[in-house]
2 protein chains.
Amino acid sequence: MSGILYVIGTGPGNPDQMTPEALKAVADSQSFFGYFPYVDRLNLRPDQQKIASDNREELDRAKAALTRAAAGERVCMVSGGDPGVFAMAAAVCEAIDAGPDEWKNVELVITPGVTAMLAVAARIGAPLGHDFCAISLSDNLKPWDVITRRLKLMAEAGMVIALYNPISKARPWQLGAAFDILRDALPPTVPVIFGRAAGRPDERMLVMPLGEADAERADMATCVIIGSTETRIIARGDRPDLVYTPRFLSAEKR
Amino acid sequence: MSGILYVIGTGPGNPDQMTPEALKAVADSQSFFGYFPYVDRLNLRPDQQKIASDNREELDRAKAALTRAAAGERVCMVSGGDPGVFAMAAAVCEAIDAGPDEWKNVELVITPGVTAMLAVAARIGAPLGHDFCAISLSDNLKPWDVITRRLKLMAEAGMVIALYNPISKARPWQLGAAFDILRDALPPTVPVIFGRAAGRPDERMLVMPLGEADAERADMATCVIIGSTETRIIARGDRPDLVYTPRFLSAEKR
């Protein structure tokens, strides 16, 4: 008999942004794997077991969850945001790919969620209203020169750029370096959004022009969105500015 | 007195993938604007008014909704998926930007949702597990040569590519042309996912190598995801194949 492995996303942290589908997976599960703060977002019953761990232990966590599911347990792997965007779904697939055959027989149910860039975009307007990309700034799993090259090509292509994992204690300089690369390729007026903890009580939204963008305004809970030359700011008097990227290209670029 | 304009996303169509936040906005609203099939997903009360319209009328729809909200009404603008991804949030911002001052005073509440590429990715594995981009293939609002250029740069950068609006009666050849462009830049073995109506009863997931990718397999309800050279397929015997992009780059590319 084989169990089930759910891989869910809690959304950015506001309980109202977690889907009913993910909540049903939680209700059906016996044990919960994930990074501490994400597992702690769930209101578990006394009969449900938490097996939280640190980040940077994704592959071991995936293997432990698959081992239990293959033994017949109903297991839930918990990501923040969406599990498929720089999160646990890929780590689970990597473990299945390299693991014993019985892991391929585990019933795998991945439920999508609201990923950080969508929550940040919604709070500020519509910066992702036109073509965009999502890049993890972590050089733990890919070399920095690949990131550099991708940033240059994204700017050349006119894409709005969402940066995940922008900064951490172990990676303090990468975001500043990314801003420098983009300042060489884009006008200094391009808006940069620092969206921290979107939808949570400690939310903080900040917009500054690329020319003045200061990496110290970001932390691990921040998603940074860099506009394109098309991205516009609407001043609204007493209300916060809106930032959006029109669906069309302006006439001179057509 | 000014009303409120909610801009919500229903998710891809499975009611269990719509957030409680969006449902609360629906409960609080008096009138509903949007493309017919999206508005029809909602279970409205008899006192709530539907003002559905065709697609390609986004800007007029945004103006009509803002006019009502500025007059004090509680109005809901309904998108499928996430409202900020090739959907109504940008059209509403465009209307505010160009409209009368009173529209800037309207309370605007945008609620994020599960966008199509996330729902498709969850059903098939984790194709968006590494850096990726989202491009609308519609050349109604931008010229085709911009799309061509972007596709080439995305392939050069090694991004996984999600294509929105891949095909329609009015745009029958663009997806085939996009595959041809990508076949010049990527190996024929790169997996292409045709994800139709993810999470709905009429869902259909199809994976084929880029070398054989056939544009006729897509329709308006399809999100097409083109893998990178890193994207892998896991055969699982009786279960459907998994498609995923590892979080790390393979050794020879580091």
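Let's start with two strands in chain A. Strand β1, residues 4–9 of chain A, pairs with β5(A). The sense is parallel, and the pairing runs over four bridges. For one position in that pairing, look at I4(A), which stands opposite E107(A) in β5(A). Keep in mind that this is a predicted model.

Stay with β5 of chain A, residues 107–110. Which side chains of this strand are buried? L108(A) and I110(A) are, and they point to one face.

Now to the two chains together. In chain A, 76 residues are in contact with 76 residues of chain B. Between them the chains bury about 6500 Å². Of that area, 59% is on carbon and sulfur atoms.

Next, the charges. How many salt bridges are there between chain A and chain B? The count is twelve. One of the salt bridges joins the side chains of K24(A) and D16(B), at 2.7 Å from N to O. As for the residues on the side of chain A that touches chain B, 41 are nonpolar, 15 polar and 20 charged.

Last, a strand pairing between the chains. Strand β7 of chain A, residues 132–136, pairs with strand β7 of chain B, also residues 132–136. Here the sense is antiparallel, over three bridges. Find C133(A) on your screen: opposite it stands C133(B), in β7(B).

Conventions:
Residues numbered from 1 in each chain as written. Chains lettered and ligands numbered in written order. Predicted model: local features only at pLDDT ≥ 70, side-chain atom pairs only at ≥ 80, totals over all residues. Heavy atoms only, no water. Contact = heavy atoms within 4.5 Å. Buried area = accessible area lost by both parts, 1.4 Å probe. Salt bridge = Lys/Arg side-chain N within 4 Å of Asp/Glu carboxyl O. Nonpolar A, V, L, I, M, F, W, Y, C, P; charged D, E, K, R; others polar. Pairing = 2+ DSSP bridges. Buried < 20%, exposed > 50% of the residue type's maximum accessible area, 1.4 Å probe, protein only.
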